[in-house]
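Open the model in your viewer and have the selection tool ready.

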Amino acid sequence: MRQPSKAADQEGPAILWFRRDLRLSDQDAVQAAVGGKTPVIPVFILDDAKAGDWKAGGAARWWLHHSLTSLAGSLQKAGSGLVLRRGESAENILALVREVGAGSVHTGVMPEPWERAADAALANALAGMGCTLHCHRTALLHDPEAVTTQAGKPFSVFTPFAHAFSRVTHPAPPGPMPTRIPSPALPRSDKLVDWALLPSIRWDAEIAAHWTPGEAGAAERLQHFIAEAAAQYDFGRNAVAEAGSSSLSPHLHWGEISARQVWAALDEAPAGAGVAAFRRELIWREFTAHVLWHHPSVPDEALRPEFRTFPWRRDARALRAWQRGMTGVPIVDAGMRQLWSIGWMHNRVRMITASFLVKHLLLPWREGEAWFWDTLVDADLPNNSVNWQWVAGCGADPSPFFRIFNPVLQGKKFDPEGAYVRRWVPELAGLDTRFIHEPWAAPDVALRTAGITIGKTYPAPLVDLAEGRARALAALRQTVGRAA
Ligand SMILES: Cc1cc2nc3c(=O)[nH]c(=O)nc-3n(C[C@H](O)[C@H](O)[C@H](O)COP(=O)(O)OP(=O)(O)OC[C@H]3O[C@@H](n4cnc5c(N)ncnc54)[C@H](O)[C@@H]3O)c2cc1C
């Protein structure tokens, strides 16, 4: 990762280029631009073409609209504003540098492969104009290439990565929020509303009721988590019906709060297993960025070559039933409907729904990855792709191939009263708790009392769970056996 250049900047304003680091506090690019004592021009560029298939999906675009609104408001309070431009980002930066005679550009390093390639070319082009590109670490606790094995190689397994990471990680205290950002009259800006990031058919009511995008919303959520849930996180995070996890993922993805701020805030929580378990999840986030950094193809291709010819099924009807939460397996349907409704799904249920798709239904992990990408407000390239490959067993540090979650047992264990299923699959709400995770096994009288007709008011399971499991094991054994 490129470090802030030591080269002296030319005269002229500094361009402060926001990417997925949409905050003012503890933001090294902001600090450096403001500390340069020249006027600062804050800019955000929407560059869909560069990201190709991985341009922000529908739910993420909703978030981005509101996050940019919030950032623009904070910049205005600090005496500045936000310039919005759309199109190829390097071209836009070069045009802006020419327009305002900028001497430096400050931005954050992003782990996405297309950003890295474009940054290298942009640095050269800017140097030719006498302008310096400064790339700061704004998204992660560590540079993805700073943690290595003793042989200096990247890690492919999480646990040794976490050990090495903990040895080198002592994050500095978070930096301040600038009170004033000296800005000249800002250049022309697009209007956010013209970007049409909000849906034209308004499916976002529940998402809007659930989330507060922006730096203030992120800080509030963090404080709430530290006060209410951090100490019990080690077991609370698995109770799928409770708010036992932080729900910080979209805020972290968009950089409305820094990993360093979250790490430091944990010092305020009662020390213990909860805090240690939570720090481990933050390290998972660093690990997925590390994997993407060293394996840029991870979003598109199985890391284990033997899985590139895996006999995935094609079944559009089954895929659609999974996407819509109509598989007939309650915990899976509850998760998929939670996702559709609020743009987020509990981590335990992400694992269950993903496992059901790739194992019981034997549908390609890339179909699941793409659906999550479009529907999650926290859709994050490294976290999404590495976790999908983990569940499918084809990734850097895969879950063992014979590990096939039984959705009924998972439901009984992590949603013992069925509260999560009742919340998201209301047509099952009246069913006796004994059958809530397997309504097909309920006696007629229990179904009648709850007003349920399997196959009519709620679907019959798409696949017999034992048969689906056996089919997946056979395909996996063949693939893994061939490679052994
Ligand atoms: C198939 C699948 C797809 C996923 N896709 C995404 C995604 O697109 N974006 C995303 O942010 N997370 C993804 N995750 C990881 C995880 O499910 C979410 O980060 C978590 O549920 C977010 O809720 P939270 O903020 O309450 O998490 P908490 O439990 O409070 O964890 C705190 C933070 O740690 C990080 N984290 C937690 N679990 C993981 C993990 N397994 N891998 C990497 N980082 C983690 C997240 O930034 C999270 O906000 C995925 C997991 C699976 C199994």
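This is a predicted model. Begin by colouring domain 2 (140-172 + 214-294) and domain 3 (305-483): both give residues to the shell around the ligand, so the ligand lies between them. Now show the pockets; the ligand sits in the largest pocket.

Next, select the helices. Helix 10 (249-253), helix 12 (273-294), helix 15 (347-360) and helix 17 (381-392) each supply at least two residues of the shell.

Then select the shell itself, the 26 residues around the ligand. Those that come nearest are Tyr233, Ser245, Ser246, Ser247 and Asn347. Coloured by type, the shell shows 13 nonpolar, 8 polar and 5 charged residues.

Move to arginine 350, where a side-chain N or O atom is 3.4 Å from an oxygen atom of the ligand. At aspartate 378, look at the backbone instead: an N or O atom there lies 2.9 Å from a nitrogen atom of the ligand.

Finally, show the surface of the ligand. Taken alone, the ligand exposes 830 Å², and the protein buries 97% of that.

Technical notes. Residues are numbered from 1 along each chain as its sequence is written. This is a predicted model: local features need pLDDT of at least 70, side-chain atom pairs count only at pLDDT 80 or more; totals for chains, interfaces and linings use all residues. Side-chain values use heavy atoms; hydrogens and water are left out. A residue is near a molecule or strand if one of its heavy atoms lies within 4 Å of it. A polar contact is a pair of N or O atoms within 3.5 Å; within protein, one must be able to donate a hydrogen and the other to accept it, and residues adjacent in sequence count only if both atoms are side-chain atoms. Accessible areas come from the Shrake-Rupley method with a 1.4 Å probe; for residues, only the protein chains shown count as cover. On a 1 Å grid over the protein atoms alone, a cavity is a set of points where a 1.4 Å probe fits but cannot get out, and a pocket is an open set with protein on both sides within 12 Å along at least five of seven lines; lining residues have an atom within 4 Å of a point. A molecule sits in a cavity or pocket if more than half of its atoms lie within 2 Å of its grid points. Helices (H or I, at least four residues) and strands (E, at least two) are DSSP runs, numbered from the N terminus. Ala, Val, Leu, Ile, Met, Phe, Trp, Tyr, Cys and Pro count as nonpolar, Asp, Glu, Lys and Arg as charged, and the others, Gly among them, as polar. Domain bounds come from an automatic or database domain assignment.
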